Amino acid sequence: MVNTPKRFNIEALVSSLADIEIITDISQVSKLSQDYHTFSPILTAKLAGKVGDIVIRPANQSEVLKVAAACAKYKIPITSRGSGTGNYGQCVPLYGGVILDMSKMHNICWVKPGIARVEAGVKLAALDKKAHEIGWEMRMAPSTYRTASIGGFIAGGSGGIGSINYGLMGERGNLIALQIVTLEDEPRIIELRGDEVQKANHAWGINGIITEIEIPLAPAYPWAELIVTFDEFMQAAKFGQALALSDGMIKKEIGVFAQPIPQYFTGLRQYIPEDKHAALLIIAEPSLEFLPNLIQEYQGQITYQKSAQEALKGSHLAEYTWNHTTLHARTVDSSITYLQSIFPTDNLQTIEHMYHHFGDEVMMHLEFIRAGGKIANPALQLVRYTSEERLNEIIRYHEEKGVFIANPHSYFIEDGWKRVIAPEHLKFKEMVDPYGLMNPGKSKFLSVAFAEG
């Protein structure tokens, strides 16, 4: 149960930050205290009414340092915010305090072949556009890449379109450096490089205020988009796996969707008959020549194809994949929620079992990625929600069958991809946030100290 917010000396804080943009309008503060946790009926109930006291928008790192110093002085919690496209309440403040909106820090410091450095508020699409000017692009991005900020993606995301080549963001080499501001009496700027970045990567802002990011880039290919339909779901799943394992073929996205999911894709319905299952693909044009035989092997049919040039216009297939799938489904039926799963590597038997066991109560949506040097099958299944008890039964059944569930119906880090916070990260937390003011309540291990302090 979330505790009620403490009372803070907000007036003193505001007075000490006169030259920095501060938002106090209740409706604006409420809006900027939210994200897409409303995908979960459980989180919607648990986080109802949780808002910050004020929103502060720093324009540069100097202003971030001033805000950090003031929050440390008055012992006011601070929750960093990107674009609010997360799904687990990462940027919802459990105890009120300051919402630190990083959107004004959107400077692209530099882009070089294979590498870029940017401020935390830079939109992913803006970085991608800049990198394309010299023939490079982001290695991976969530389906919200048009609106998501890179700081929010690093702090709250994990992977997405492009992960079929480069794995998740936590893989060694996918994040070069993070510059963070501490929340001490005299805040410091710390540069984490190499493996040290994991101390603040995917930490939901509890281990430092991310101000700058340095990431590697990927060569930019001309990406074609295709939809392939299948009579049977397992034909589509086996095709997806075969394509994922075709290392010589260059691809960026392989998403497989069981019926009736494609019928929630209003803009694509004309390409996917009601009785068909579908694979949405983003493939480099030089690899297209090898696709027809593979499709024929699994009795598929191409029903939609755009060249790389054509794909630059209009909507993109990427915006029907990953958690945009859930968004499209909920636009049609708001009672639908979802799961986040990792099925056993290179094993479609468990996927087939779950597909038949649950029927359309748990609609199968598979993504294919590379993780730890192998092909993995993360799934974002759509669930016809009836009750929290039934949802927990579905989760338990998956876990009993060896499926890892990163529970999107919990705001605790430990219930997601991490499970436990490493001891060295806890030690780092104690150093950079001695008063426990950074996004308190989002860790089971760390929540008690702030609530009782």
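**Reading strands and helices**

Guide: Gladly, and please keep in mind from the start that this is a predicted model. Let us begin with the sheet, for which the general idea is that strands of a sheet pair through backbone hydrogen bonds, either parallel or antiparallel. Here strand S1, residues 21-23, and S2 pair in the antiparallel sense over 3 bridges.

Visitor: Which residue of S2 does Glu21 stand opposite?

Guide: Glu21 faces Arg57 in S2. S2 also pairs with strand S4, residues 98-101, this time in the parallel sense and over 3 bridges. In that pairing the bridge partner of Ile54 is Val98 in S4, while Ile56 has Leu100 in S4 as its bridge partner.

Visitor: In what order do the 4 strands of the open sheet lie?

Guide: The order is S1-S2-S4-S3, and the pairing in this open sheet is mixed. S1 and strand S3 (78-81) are the edge strands, each pairing on one side only. From one strand to the next, the twist averages 25°.

Visitor: Are the residues of strand S2 buried or exposed, and which way do they point?

Guide: In S2, which spans residues 54-57, Ile54 and Ile56 point one way whereas Val55 and Arg57 point the other way, and all are buried.

Visitor: Now for a helix: which residues of H14 are buried?

Guide: The general idea is that an α-helix has 3.6 residues a turn, so residues three or four places apart point the same way. In helix H14, residues 423-432, the buried residues are His425, Leu426, Phe428, Lys429 and Val432. They cover an arc of only 160° around the axis, which puts them on the same side of H14. On the other side of H14, by contrast, Pro423, Lys427 and Glu430 are exposed.

Visitor: And how should I describe two helices, for instance H12 and H13: at roughly what angle do their axes cross?

Guide: In general, two packed helices are described by the angle between their axes and the distance between the axes. For helix H12 (residues 349-358) and helix H13 (residues 388-400), the axes come within 12 Å and cross at roughly 150°. Because angles over 145 degrees count as roughly antiparallel, H12 is roughly antiparallel to H13. The crossing in which H12 passes H13 is right-handed.

Visitor: Which residues of H12 and H13 meet?

Guide: From H12, His353, Met354, His357 and Phe358 meet Arg390, Ile394, Tyr397 and His398 of H13.

Notes:
Residues numbered from 1 in each chain as written. Predicted model: local features only at pLDDT ≥ 70, side-chain atom pairs only at ≥ 80, totals over all residues. Heavy atoms only, no water. Buried < 20%, exposed > 50% of the residue type's maximum accessible area, 1.4 Å probe, protein only. Arc of directions from axis to C-beta. Pairing = 2+ DSSP bridges. Axes fitted to C-alpha atoms, helices over the stretch in contact; angles between N-to-C directions. Parallel < 35°, antiparallel > 145°, perpendicular 65-115°, else oblique. Left-handed = near helix turned anticlockwise from the far one by under 90°. Contact = heavy atoms within 4.5 Å.
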